Amino acid sequence: MNRRNFLTGTVATVAALAAPPARPLPFRTEVSLKKLAAEKSLKVSTAYNGGGHFDLEALILHHCDIVTPENALKPGFLAPKRTINFAFERMDGTASFCRANGLRLHGHTLYWHQTQPAWLNDAGNSSFVRDYMSYAGQVMPRYGDLIDSWDVINEPFSDRKAGYRKNPVLDVHGDEFVRFLFRTARRAAPKAKLLINDYSLSCGAAYCQRKRDTALATVERLLKAGMSIDGVGLQAHLAPTQPVHKTPLSSFICGLNDLGLEVFITELDVNDIELPENIAKRDKLIAAIYKDYLGAVLEHDNVKRLGFWGLSDAEHWIVHGYAPFKRKRGTPRPALFDDRYRPKPAFFAVAEALNQAPART
Ligand code: XIL
């Protein structure tokens, strides 16, 4: 054995030892979403609440490149009270899972009005700026080796009026607060793509249009003022009661492209509220909603990621957790896989949408 063969052999052995054992899929599907997506230069992500769910993790490994911690990186979860010991355990567990398996992380989120602890939610407080910088400095670099992107601010725009939502910091400090957050994030996570993330950006109703207009005008203004922002996250919590309207959604994505911004689908799922109880019928309609949405969005080159808010009905916020609205009869079926991790028509619809998406740069 010459030196070269010896070295290659050693490297291969070390790699084999380091590689985690392949996990059996709970239900065999050869199709891998991340492989289909790679052919169209897209990454696939999912929300995962951590906690070592073996079957779900097998699905994530087979289909995803990136994990979004569902709750573990929210300020209210990490630091409900001012303390020097943040609750890192759950997030550290998810980070270990990612590290061991070559997955990346999407940070969610540096600010979200819904889980904001009081000590990080009062811009009138003299220590607010210092506290926020210290929070970001403790949280963001801890996962810096894994982080691909961050939702710097989540859901800043109002549903009721043009502009920011009414809350203790945005209402008072608006752009100034957003620029501060982005500066802080850039310092604490210099390699991450930094995003504004919001919902109700896909439907045809007037309030969705107002939100798209607000989002576009706001990022344009912030860019002009010198803020460094990489993209916009479209949450895409879809529902038949708020049908997607392709034309205005497309022109919004084009508008973001004109500003040099990337677009990330961050939280795709389908709330089956008001769909029939019959499961076969319902699954077909849910699949069509996924397919139509992706048909509208994936044709845009600046859309870089397809992110789901959970892969399976077994662990899904619409089925098991807090969700703003829920069907009255029958268990919801919002995800691509059912509660036994079997692929549903929605999964095959997404695979088909990826196959049909035009080649992208
Ligand atoms: C949700 C989680 O899925 C739930 O477990 C939690 O109880 C509440 O938050 N938009 C977001 C996510 O940006 O953070 C929300 O996640 C779902 C809506």
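Helices (H or I, at least four residues) and strands (E, at least two) are DSSP runs, numbered from the N terminus. The structure is a predicted model, in which local features need pLDDT of at least 70 and side-chain atom pairs count only at pLDDT 80 or more, while totals for chains, interfaces and linings use all residues. Residues are numbered from 1 along each chain as its sequence is written, and side-chain values use heavy atoms, with hydrogens and water left out.

A pocket is taken here, on a 1 Å grid over the protein atoms alone, as an open set of points where a 1.4 Å probe fits, with protein on both sides within 12 Å along at least five of seven lines, and its lining residues have an atom within 4 Å of a point. The largest pocket is lined by 44 residues, and those nearest its centre are His237, Trp317, Tyr322, Ala323 and Pro324. Two or more lining residues come from each of strand S1 (43–48), helix H8 (206–224), S7, strand S8 (262–270) and helix H11 (317–320), with H11 giving the most, namely three residues.

Two residues other than glycine have a positive phi: Glu155, at about 60°, in the loop between strand S4 (147–154) and helix H7 (170–188), and Ala236, near 60°, in the loop between strand S6 (231–234) and strand S7 (237–238). Glu155 is buried (under 20% relative accessible area, with a 1.4 Å probe and protein chains only; exposed is over 50%, and partly exposed lies in between), at 7% relative accessibility, and Ala236 is buried at 5%.
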